[in-house]
Structures are given as C-alpha cells and as structure tokens.
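Visitor: I have a new structure open and would like to learn how to read it. Could you walk me through it?

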Amino acid sequence: MTSTNESIRPPRLLRTVIEAADELRVGRSTIYELIRTKQLETVKIGRCTRVPAASITAFVAHLRSPAE
C-alpha cells in the first residue's frame, strides 16, 4: 500500500522531446521541426532540451483558434 504523499505529485512542468512527441502523438522529428520554426518553446538545462508543458498547451490552443 502506498502512502498518500507518494501518490500525490505536483504536475511536471517540463517534458523531454520524446515525452512532448508522445503527448502530441507526433514523431520526434516533428517536435524538432516545431522547435526549429519557433512554434514550440523550449528551455535548456545544461545540454538537455526540455519543452515546457505550458508551451505544449499554448501550441494546441493556437491550432484550435480560428484562422484570421
């Protein structure tokens, strides 16, 4: 049996490129293309590239907004 403290975790703020790809159901190369074209924001921690969860949410919101 797990304790209550172990089962309650704060939401993760950052995703790896692979996790972002899984979340959006696209390939890793598509995520890198979105990063290259500045459609998806990233942060660097040392040599690691991470995608903020808020950036993924904003990208999807942008896709859902009507074209102007």
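This is a predicted model: local features need pLDDT of at least 70, side-chain atom pairs count only at pLDDT 80 or more; totals for chains, interfaces and linings use all residues.

Visitor: Which residue forms a salt bridge with R15?

Guide: A salt bridge is a side-chain nitrogen of Lys or Arg within 4 Å of a carboxyl oxygen of Asp or Glu. For R15 the partner is E23, and their closest N and O atoms are 2.8 Å apart. E23 is partly exposed, with 38% relative accessibility.

Visitor: How many salt bridges does a search of the whole structure find?

Guide: The search finds 3. One of them links E19 and R12, with 3.3 Å between the closest N and O atoms. E19 is partly exposed at 30% relative accessible area, and R12 is partly exposed too, at 49%. There is also a salt bridge between the side chains of R36 and E33, at 2.7 Å from N to O. These two residues are 3 apart in helix 3, so about one helical turn separates them. R36 counts as exposed at 58% relative accessibility, whereas E33 is partly exposed at 36%.

Visitor: How do I read the strands, and what is their order in the sheet?

Guide: Strands of a sheet pair through backbone hydrogen bonds, either parallel or antiparallel. Strands (E, at least two residues) and helices (H or I, at least four) are DSSP runs numbered from the N terminus, and two strands pair if DSSP finds at least two bridges between them. Here, 3 strands form an open sheet in the order 1-3-2, with antiparallel pairing. Strand 1 (14-15) and strand 2 (43-45) are at the edges with a single partner strand each, so one side of each has no neighbour in the sheet. Strand 1 is joined by 2 bridges to strand 3 (residues 48-52), and the two run antiparallel.

Visitor: At roughly what angle do the axes of helix 2 and helix 3 cross?

Guide: Axes are lines fitted to C-alpha atoms, for helices over the stretch in contact, and angles run from 0 to 180 degrees between N-to-C directions. Helix 2 (residues 17-24) and helix 3 (residues 28-36) have axes that come within 8 Å and cross at roughly 105 degrees. That makes the two helices roughly perpendicular, a label for 65 to 115 degrees; under 35 is roughly parallel, over 145 roughly antiparallel and the rest oblique. The contact (heavy atoms within 4.5 Å) is made by V17, I18, A20, A21 and L24 of helix 2 with R28, I31, Y32 and I35 of helix 3.

Visitor: Is L40 buried or exposed?

Guide: L40 is buried, at 2% relative accessibility. This residue lies in the loop between helix 3 and strand 2. Leaving aside neighbours within four places in sequence, L40 is in contact with I31, L34, I35, V51, S55, I56 and F59.

Technical notes. Residues are numbered from 1 along each chain as its sequence is written. Side-chain values use heavy atoms; hydrogens and water are left out. Buried means under 20% relative accessible area, exposed over 50%, partly exposed in between (1.4 Å probe, protein chains only).
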